[in-house]
Amino acid sequence: MRFRTRLMLVLLTVVILSQLVTGAAFLRATQNDIIVKGNQRLEVGANVFHQLLSARGEQLGNNIAILADDFGFKSAVSTQDNETLYSVLANHGTRANADIVLLTDLDGRVLAGSHHARDSAMPFPQLFERANLNGSAVGVVVTEGEPFEFALLPVRAPHLIGWVGMGFLINEAVTSEIKALTGLDVSIVTYQEGRISSLSSSHPEALAMALISDNSEQLQNGDYSLTGQMTPDDEYLSYSSTLYAGDRAQTHALLQLSRNELLGAYRSLHWQLLGIVVLILIFTAAVAMWSARSISRPLMALASAAKQIGRGERVETLAGGSQRSETGQLASTLLTMQDEIAKREEVLHYQSRHDLLTELPNRMSAEEDMGRLISTGAPFILMRLSINNFRDIKDTFGYALGDIVLMTLAKRLKQLDEGESTAYRLDGDELLLMRLENETRPVWRDWLFAALAQPIHLDQSPVSPSLSVGEVHYPTHGDNPQHLLRRADIALDMAKRKRSVYQCYQQGQDEQHQRQLTLIRDLKRAVDQSELWMAYQPKVNTRTGRVNQCEALMRWQHPTLGFIPPDEFIELAERSGQIGMLTSWMLSHICAQLARWKEHDYYLSVAVNLSTSDVMDPGLCQRIASLLKQHRLDARQLSVEVTESAMMQDVEVATRTLLELGGMGLSIAIDDYGTGYSSLAQIKRLPVNELKIDKSFVLALDTQADDFTIVRSTIEMGHSLGLKVVAEGVENRASAELLSEVGCDYLQGYWIAKPMPCDALPAWLDAFETLSLPTPALPV
């Protein structure tokens, strides 16, 4: 919907709503005022009705007083001459226009009356009681289902000898008189015991409607609380006033006023107001159309300009009227906003393609620049650089000084010949250098490495940055930016593994990388689908020549790649954070296997290898304790082997873990001893039970004198520290005898047995013959 149409509709809606609300409020107030005045008129009519009854009651009382003072009447009362009493009462009642006459004795027993039998009880006990208290009484009574205005006075001669009363029927003659005085419809309703027994009305249709619409339920239920109650209905306003309320009978006066009569002027006012509203709406519609058009025209122009600005088009001028007007100010604001957006886009574009710390272009810029060079076909070199041990630098000198190292290297890269090379920061500690191909590549590379290796002074301490570089060439190693970056990352990873400064991508490394990704991806599946299995390699005790220990070695038979060497997939598991999953599977599998062997009377101790991540795992000890308890194993049936590198990663945490394992009763061995960086002092502080000499020193022990010297010294050192010594890689009997002679405690190697599946080990143990080895030449 167009703005002009919306504006016009809004204006019309506001005017219509305001007119409707105002008109409705005015008409409602007028109607309420008329209703209030009608109710007041009903109340006045009710007062007039009661005053009329009171006046007629007083007149009737005066006539009764004359009768009560008549000597002949008193004599008849005293003598109880019935015929005389009836005659006198009838004559006086006729002269007083009374419809009912009554004479009683002092106790209220009827002596004579027009409507009541002689000797009957007083028919109006409430009135009789009031007369006894006040000396006389006037009020409405009900007899034979009809209401009467009745006056009761005493007869004295000179003492009280009886009571005489007269009354007139409250009928249509009375209601007609009230209507003549007030203009109201008056009805008299008398009902006894829940039924209407008398109905006198000057307007019976109005009375019937009032009774049916509002009061019928109350009348039928005997609810007589209508005294002084206004009852508006669809046709009449009604006012009910109680004339008499006894235990068994009720009489009410119902005054009614026609609503049509009251609201006649109100309805004519309806049409007048409607005509005024229609005229106002016509005028408002014309004004709204003119206003909407005059307001929307400049706004539509501004909206069109805003769309142009949104599309990035430049708008030079805007016609928005006077600068002081709102549209003029909006036009000026749009032009200012256009300039600010352009500046902000420049900043955002720069930030989206540059690293905020080093101010080097980022990966996005690198891919765009490579895409442009590839489109021209110009050959170029990509060198992906990574700072070795960058985390150690930050941990040692702090993050701020670590950032200085990164910024310094970035600055050195930017100072290269910018015409032929461009530097980028990819992420973390990785930088990228793109250089056009030329014949000076080897010389330039050496010069680059020398320039980047210059010391950087951090907190007055010189730090010589160590870098690893992976290099790829376009178009030799890829034809798009993604392939080139990925292969540069592969070359960089190879450089780090080989601990070399530089590595150029070689064909086939990508396939190796894909193989690694596949293995990392399939490790979880290997655990779930039982592709992993454990092999066990026995260890021989040189003192007894028997086997009571084995080392557990994990194996993986991949469904498509075949056998995966343990060194390959365990390293990948450590790098991908999945080593904990493999360790949990291994421990559960080995403990379950030990329990099965135990059931078949094979009591063995199995050594398991723990990685660096396992040693740092705070839940390792609890998990092992839970498995031992679950399978009812002795802690001595399980031992752990930890490499020197794993120990040195965090000596404090490793020591805490090994102490807890040793406290549980597990034996602990240092695996591959001699290849790491541990010292005797460090080993002495650790809760270690065994040293395991690396097989690189044992394989040629019988032919290499230097290896024999190292092995003998290690055995002597281990024994001096109270440790057992295990030699792995025993490939022949000559090496086994030499090791036994110098006091080695356990031998492990292919000469004894290759690693075998769990099902094959019991049969091998049964067939194994105890080895006879020479005793140590020196005491151990």
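**Salt bridges in a predicted model**

Buried here means under 20% relative accessible area, exposed means over 50%, and partly exposed is in between, with a 1.4 Å probe and protein chains only.

Some housekeeping. This is a predicted model, in which local features need pLDDT of at least 70 and side-chain atom pairs count only at pLDDT 80 or more, while totals for chains, interfaces and linings use all residues. Residues are numbered from 1 along each chain as its sequence is written, and side-chain values use heavy atoms, with hydrogens and water left out.

Back to Glu531. Its salt-bridge partner is Arg525, with the closest N and O atoms 3.2 Å apart. A salt bridge is a side-chain nitrogen of Lys or Arg within 4 Å of a carboxyl oxygen of Asp or Glu. Arg525 is partly exposed, at 27% relative accessibility.

There is also a network: Lys539, Glu551, Glu641, Lys692 and Glu728 are joined by salt bridges that share partners.

Next, two other pairs. Lys179 and Asp185 form a salt bridge through their side chains, at 3.1 Å from N to O. Of this pair, Asp185 is buried at 8% relative accessible area, and Lys179 is partly exposed at 32%.

Then Arg521 with Asp522, a salt bridge with an N to O distance of 3.1 Å. Which side of this pair is buried, and which is exposed? Asp522 is the buried one, at 5% relative accessibility; Arg521 is exposed, at 58%.

For the overall tally, the salt-bridge rule gives a count of 26.
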